Amino acid sequence: MNTSELLRRKFGYILGGILFLTGMAYAVAHQKPIFAIVCLMLPFVGIFIIKTYQNPVVLLFSILIYSFLLVVVGEYFQVESSGLALDILLVFSYVLLFVRGISYKIPWYKARNPLVGMISLWMLYVFLELFNPQAPSKEAWFYVMRGMALYMWLFIPLGLILLGKPAHLNKFIIIWGVFVILASLWGFRQLYFGLNETETRMMRAGLMKTHLIWGKLRVFSFYTDAGQFGAAQAHAAITACLMFLGEKNKTMKLFLLAVGAAGIYGMFISGTRGAMFIPVGAVMLYLFVIKNIRMLVIVGMMAGGAFIFLKYTNIGNGVYAISRMRSAFDPEDASFQVRLDNQRLFREYLSTRPFGGGVGTTGAFGERFSPDTFLAKVPTDSGYVQVWAECGIVGLVLYLFMWLWIVYKGLTIIWYKLKDPWLKNTMTAFVCGVAGMLVANYGNAIITQVPSSFVLYTIIVFIFISPELEKQLNNDA
């Protein structure tokens with residue numbers, strides 16, 4: 001290769017280097033540290049853009065990884081717009097694909113999927129809620145609709161287009177599993193070595209009243225709260241354990257075992273009572289799917305034994321995690337009674353509002369943008385109650401139908417389209433994990449919270465493209 005050809009190919013790098021050095025020289029000469037930091041970041045941004053252009057699936061996994069780091073970036077580095085970075089990455093993904101489409105063929109046809117049609121219907125409904133006359137704030141709608149519908153609407157088609165290889169599935173399992181282990185280790189540090197300065201600030205800012213019960217900390221790791229941390233760890237634990245049953249690779253079996261153990265530990269130290277319904281619901285559905293009556297009876301007996309232990313005995317009450325879980329089966333539990341009272345208030349209020357009070361009118365955003373309204377003052381305490389309050393009974397029915405349809409389609413794919421034992425077991429674990437999360441969403445709003453939502457979206461993509469993955473596995477065999 002001659003010198004002129006080398007310069008032509010490396011022109012972008014050379015130009016970038018010159019601009020970088022010029023910028024750093026300007027920053028030093030004029031004592032502008034912020035400008036220097038920006039200059040230092042630009043090479044990394046440039047490399048990231050080049051790598052994602054060459055292999056766009058890197059961008060999709062980057063979005064998934066960033067979703068786990070969202071709270072760390074926002075709280076530890078005090079970046080108020082850390083959530084908006086997700087929006088930017090998602091929009092940038094489509095811009096990148098359109099630009100790449102000039103030179104390469106992009107399989108846009110993969111997004112012509114009934115799944116995209118279903119989530120688009122939900123996105124349309126949430127968009128129309130912008131014009132709900134009951135809604136007092138348009139700004140609140142913008143903040144809440146992202147987690148409620150927009151992220152799903154943008155990420156799932158992106159996944160259908162970019163994901164399609166068995167290697168992608170393995171990478172996702174590893175990324176997810178690593179963060180599950182890290183989250184439990186982080187939680188272990190919080191429980192036994194105490195909270196750091198940032199976590200203490202988070203407690204004082206609002207977590208204190210719900211995360212310090214009976215003098216015991218409800219561990220929240222690097223999540224927004226203990227409710228999401230516990231549910232996320234329970235979801236990962238049961239999914240990993242079910243995948244373990246069908247895994248043949250010894251290294252992966254050990255990894256899944258570690259993920260399962262870390263997830264179970266994280267679930268218990270979170271003190272999240274609703275999280276334990278995730279493994280129960282997932283296992284029962286798993287045994288129904290594989291039609292193993294003998295195992296169904298055994299697990300049913302084990303579940304019954306656990307219920308009797310928690311409901312009708314006082315054994316282990318000295319252990320905070322056990323006593324906390326036991327309170328979930330007490331119908332006289334004060335927090336449970338408050339939830340029922342609140343739901344009665346919602347039922348009366350929404351009886352004349354079939355489209356709800358508007359997206360963003362409950363919870364923290366309700367208190368922030370419309371503090372004097374009824375919906376802002378009454379806690380929803382449930383993902384489904386939140387949808388019901390903000391989108392009405394019409395929106396709740398559509399929302400439930402969407403998720404139940406996703407589970408149903410997943411089951412039909414497993415029953416009628418998949419033959420490979422490993423892939424079939426993995427997808428069964430995925431579907432059952434999703435079903436478990438849907439059950440737990442009644443207790444806490446978890447399936448719209450980052451990063452749990454992005455994990456679910458990725459899982460859903462793999463469920464729907466699993467027949468394509470099986471064809472590649474058969475060709476490689």
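Helices here are DSSP runs of H or I with at least four residues, numbered from the N terminus. Keep in mind that you're looking at a predicted model.

**Stop one: α4.** Select residues 57-76, which make up helix α4. From first C-alpha to last, these 20 residues reach 28 Å, close to the 28 Å expected at 1.5 Å a residue. Now click on L69: α4 bends there by about 55°. Then step just past the end of α4 to Q78, where phi is positive, at about 55°.

**Stop two: α8 and α10.** Next, select residues 166-193 for α8 and 226-246 for α10. How do they cross? Their axes come within 11 Å and cross at roughly 130°, so α8 and α10 are oblique to each other. The crossing of α8 past α10 is left-handed. Show side chains to see who meets whom: I173, W176, V180, A183 and S184 in α8 meet F229, Q233, H235, A236, T239 and M243 in α10. Sorted by class, that contact has seven nonpolar residues, four polar ones and no charged ones.

**Stop three: α10 and α19.** On the α10 side, pick out contact residues including H235, T239 and M243; on the α19 side, look for W422, F430 and M437 among them. This contact divides into 10 nonpolar, six polar and no charged residues.

How values were computed: Residues numbered from 1 in each chain as written. Predicted model: local features only at pLDDT ≥ 70, side-chain atom pairs only at ≥ 80, totals over all residues. Heavy atoms only, no water. Axes fitted to C-alpha atoms, helices over the stretch in contact; angles between N-to-C directions. Helix = DSSP H or I, 4+ residues; strand = E, 2+ residues; numbered from the N terminus. Parallel < 35°, antiparallel > 145°, perpendicular 65-115°, else oblique. Left-handed = near helix turned anticlockwise from the far one by under 90°. Contact = heavy atoms within 4.5 Å. Nonpolar A, V, L, I, M, F, W, Y, C, P; charged D, E, K, R; others polar. Expected span 1.5 Å × (residues − 1). Bend = angle between axes of the 7 residues up to and from the residue.
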